[in-house]
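Subject: Structure handover

Hi,

Here is the structure for you to look over. My notes on what turned up follow below it.

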Amino acid sequence: MTQNLVLTMLGCAVLRISAFSTTYLNYVKPDFRPFLIGAGAVLVILGVTGLIQAARSSSRSHSRSERPSTDGQVHDHPEEHGPEHSHGQAGGHDHSHGGPRVAWLMCLPVFAIFLIAPPALGSFAASRSEAPPPRSQALSSFTPLTGNGPVDMPVGEFIARAWDDEKKSLTGRQIRLTGFAVPSKKKDQWYVTRMQIACCAADAFPLKVAVRGIKAPSPDTWVEVTGTWIPQTFGKMPNGVVYPEMSGTDLVKIDAPAEPYE
């Protein structure tokens, strides 16, 4: 009964975060939703089926253990349960119960999902991991930027254009980036950041753009920051990770998006 109950609860937890909400986006990419729903449904079906079978088995065992005698009274027949059961009753201990109580600790992860679902990765994770270094060769396959107003752009595309676009399409253009704030060790700057994942949150790494000219908001605050790209002045790429820079002109605080990763 305990195993099947835990299985059912685990399936319900998976369905809760995938079928009935967008919480699953804190952990995996959107493409994984059908697989999560399918896995949760299978777990629920298996758990409920096991509970029904266990209940029926328990009911049949109980009915066989009690048989009416010729004197009209109901007597329990310990021999129906074998010598081990009879020995347990004689010694004052019943060995017919399930596994140890510590097995209920398996429910803790399920309760955690229901009560305190972990949020998406934020500034704590971003400040303790480094993005891959930019590529050294320039590319010319970027789509030209059109329009006169600010261009909404993913943080990853801004980084790619800043380092790899040989036509320097960011020069002089107003760009609007969406991300969360991460403090910087350098004065007068902070990072607008998005985490990028290939599969799930376990392989996430940060995409950062250094923002200058605007006061840094509180860590983990989601913002839309508008500004212009600051072209690099060094001739040769320095060692280590170098983040592109933006001169900020406007900042708007927003709610965290349903899909926090790029």
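Start with helix H6: its buried residues pack against E4, E5, E6, E7 and strand E8 (245–253). Buried means under 20% relative accessible area, exposed over 50% and partly exposed in between, with a 1.4 Å probe and protein chains only. Helices (H or I, at least four residues) and strands (E, at least two) are DSSP runs, numbered from the N terminus. Contact, here and below, means heavy atoms within 4.5 Å.

Two notes on the source. This is a predicted model, in which local features need pLDDT of at least 70 and side-chain atom pairs count only at pLDDT 80 or more, while totals for chains, interfaces and linings use all residues. Residues are numbered from 1 along each chain as its sequence is written, and side-chain values use heavy atoms, with hydrogens and water left out.

**Overall**

The protein has six helices and eight strands. From the N terminus on, the order is α-α-β-β-α-α-α-β-α-β-β-β-β-β. Of its 262 residues, 30% are buried. Take the contacts with a separation of 6 or more: 67% of them join residues 24 or more positions apart. The exposed surface comes to about 16,100 Å², and carbon and sulfur atoms supply 58% of it. Areas are from the Shrake-Rupley method with a 1.4 Å probe; for residues, only the protein chains shown count as cover.

**H6 and the cores**

H6 is mostly covered, with seven of its ten residues buried. Those are Val-155, Phe-158, Ile-159, Arg-161, Ala-162, Trp-163 and Asp-164.

A nonpolar core here is a set of buried Ala, Val, Leu, Ile, Met, Phe, Trp, Tyr and Cys residues joined through side-chain atoms within 4.5 Å. The largest one has 23 residues, and Met-153, Phe-158, Leu-170, Ile-175, Leu-177 and Val-209 touch the most other members. At least two residues each come from helix H6 (155–164), strand E4 (174–183), strand E5 (189–196), strand E6 (205–212) and strand E7 (222–230). H6 gives the largest share, five residues.

A second, separate core holds eleven residues, including Phe-180, Tyr-191, Met-195 and Tyr-243.

Residues up to four places away in sequence aside, Met-153 touches Leu-145, Phe-158, Arg-161, Leu-170, Ile-175, Arg-176 and Leu-177.

Is Arg-161 buried or exposed? Arg-161 counts as buried because its relative accessible area is 2%. Arg-161 sits in helix H6.

**Rings**

Rings of Phe, Tyr and Trp (its six-membered ring) pair if their centres lie within 6.5 Å; planes under 30 degrees apart count as stacked, over 60 as edge-to-face and the rest as tilted. That rule gives three aromatic pairs. One of them is Phe-180 with Trp-222: edge-to-face, 5.5 Å centre to centre, 65° between the planes. This pair links distant parts of the chain, with Phe-180 in strand E4 and Trp-222 in strand E7, 42 residues apart. Both Phe-180 and Trp-222 are buried.

There is also a charge over a ring. Lys-208 lies over the face of Tyr-191, at 5.1 Å from the ring centre. The test wants NZ of Lys or CZ of Arg within 6 Å of the ring centre and within 35 degrees of the ring normal.

**Loops**

Most residues other than glycine have a negative phi. Asp-188 is in the loop between E4 and E5, and counts as exposed because its relative accessibility is 69%. Asp-220 has a positive phi of about 75°. Asp-220 is in the loop between E6 and E7, and counts as partly exposed because its relative accessibility is 41%.

Ser-184 is also in the loop between E4 and E5. Ser-184 counts as buried because its relative accessibility is 18%. Neighbours within four places in sequence aside, Ser-184 is in contact with Gln-189, Trp-190 and Tyr-191.

Best regards
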